[in-house]
Amino acid sequence: MGAAVLLVGCAKIEPPPGGPPDPTPPQLVATRPDSFALIPDFKGSVEFRFDEVISEGGSPNLGTGTGDLERLVILSPTKLVPKVEWRRDRITVRAAEGWRRDRVYRVELLPGVTDLRRNRSVTGRVITFSTGAPLPTAKLDGMVVDWSTARPAPAALVEAILLPDSLPYRELTDSGGKFALGPIPDGMYLVRGVLDENHNLRADGREAFDSVEVKRGTSEVGELWTFVHDTTPPRIRGSTVRDSVSALLEFTQMLDPRQPFDTSKVRVRLLPDSTPVRVLSLLPQRLDDSLHAPARTGRDSTGRDTTRRDTLRADTTAPRRPPGDTTERGRAGQRQLEQVAGRLRGQAATPAPLTTRPPLFDNLVIRVTPPWRPDAKYDLEIIDLRNVTGVAGSAHATLTVAKRALADSLRPPGDSTKRGPPPKKRK
């Protein structure tokens, strides 16, 4: 019983008590085997050794890809999760199916290894070795873009599948969405960029992706614009009256921005008699807003009272604190200013949307004449509407025009004259 208690007590490794705190993350001091080594009969483990004991993490490494250390290791080429083990100051990696002859292996340790004081490494390491195949010299460069935002996608998964063997080589993009995968064997590749939402280093069914074939001897991949690939046509998720002549249609999927939105493919019928209604335009909401933006007046359209100067600038009559205020309130204010400045710096560093492809959208604005009839219902149909994957179909919806909703949509912005309960009579 005492021995069991002793074993349980020794199972958890704690940092030594006392002494000054150590802010230095674990440093990688050795790897095995050497990079670019040729080892036809390699049987052991790939090893990353550090200068101190590292943390095993809170999630165990069970071969499912969800362990804390498993998430830090990318082994190529294999379709299985590698066997990743913790050995105090080492991380060892083995292929789940064993090392195969005549292959080029690439083992990448990502940044994120922590020591017992939770100091986190910010650099990684790649080991490339051969079990008999010629040493690789090819390289693939490109960028992964999230098409829903038109911005580069950091930490996106890149899979380069060697054809016809279907051997996948993997890597993650950097903070700017760029990747430089190599050296890898020369050949034709199917290169795929994936928004790895669950961070399992695998491409899953509903994750956004884009792919392109790259010929042998070509290194430039270009931009991979990722999007969710749907195999069913888009449907109308909701329809809302915007004003007396327009309504907003929201869809279940992103639409193909390159398709023409022809009014001849739109049917609007007044129910119950199915009386045809003329359609003036069908446009993405962003474009419709730019064409039909309401004219600005002297009154702020947000309804905000711009006469209150205290909402725009600080009270200049308040006593100012001298520089170097050391009170608790002064320190709190300084921290707040630093946080705001940090956010501003982060916003300034955010890359602008790319313009090499049109932006995606999942909504359309339809405009009709004559105006909507109060307390009426309309049947809407859009024929041959394509989603971004290219799957087309007809989309249907019923638009209900409530009299109160129509009246509210016609009220100018910021109008506070909404009808309320009648005032009580004084006795």
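Me: Over which residues does pLDDT stay under 50, with 0 contacts beyond four places in sequence?

Reply: Residues 1–11. This is a predicted model. Over that stretch pLDDT stays under 50, and the model has 0 contacts there beyond four places in sequence. Residues 295–325 also have a pLDDT below 50. That stretch has 13 contacts in the model beyond near neighbours in sequence. Where pLDDT is low, the predicted coordinates should not be read in detail.

Me: What is the average pLDDT of the chain?

Reply: The average is 84. A score of at least 70 is reached by 77% of the residues.

Me: Why is the W99 and F129 pair called edge-to-face?

Reply: Two values decide it. The ring centres are 5.6 Å apart, and the cut-off for a pair is 6.5 Å. The planes stand at 70°, and over 60 degrees counts as edge-to-face. So the pair is edge-to-face.

Me: What makes this pair a tie between separate parts of the sequence?

Reply: W99 lies in the loop between strand 6 (90–94) and strand 7 (104–109). F129 lies in strand 8 (residues 125–130). The pair therefore ties together parts that are 30 residues apart in sequence.

Me: Are W99 and F129 buried or exposed, and how do you know?

Reply: Buried means under 20% relative accessible area. W99 has 13%, so W99 counts as buried. F129 has 0%, so F129 counts as buried too.

Me: Why is the pair of F261 and F361 called tilted?

Reply: The centres are 5.9 Å apart, with 50° between the planes. Stacked needs under 30 degrees and edge-to-face over 60, so the rest count as tilted. F261 sits in the loop between strand 18 (246–251) and strand 19 (266–271). F361 sits in the loop between helix 3 (328–349) and strand 22 (363–369). The pair therefore ties together parts that are 100 residues apart in sequence. F361 is buried, at 13% relative accessible area.

Me: How many aromatic pairs are there, and which residues form one cluster?

Reply: The count comes to 9 aromatic pairs. F42, W99, Y105 and F129 form one aromatic cluster.

Me: How many cavities of 30 Å³ or more does the search find, and what lines the largest?

Reply: The search of the whole structure finds 1. The largest cavity holds about 60 Å³ of space. Its lining includes G65, E70, R71, V73 and N200. The lining divides into 5 nonpolar, 2 polar and 3 charged residues.

Notes:
Residues are numbered from 1 along each chain as its sequence is written. This is a predicted model: local features need pLDDT of at least 70, side-chain atom pairs count only at pLDDT 80 or more; totals for chains, interfaces and linings use all residues. Side-chain values use heavy atoms; hydrogens and water are left out. pLDDT is the predictor's confidence in each residue, from 0 to 100. Contact means heavy atoms within 4.5 Å. On a 1 Å grid over the protein atoms alone, a cavity is a set of points where a 1.4 Å probe fits but cannot get out, and a pocket is an open set with protein on both sides within 12 Å along at least five of seven lines; lining residues have an atom within 4 Å of a point. Grid points are joined across faces, edges and corners, and a volume is the space filled by probe spheres set on the points. Ala, Val, Leu, Ile, Met, Phe, Trp, Tyr, Cys and Pro count as nonpolar, Asp, Glu, Lys and Arg as charged, and the others, Gly among them, as polar. Rings of Phe, Tyr and Trp (its six-membered ring) pair if their centres lie within 6.5 Å; planes under 30 degrees apart count as stacked, over 60 as edge-to-face and the rest as tilted. Helices (H or I, at least four residues) and strands (E, at least two) are DSSP runs, numbered from the N terminus. Buried means under 20% relative accessible area, exposed over 50%, partly exposed in between (1.4 Å probe, protein chains only).
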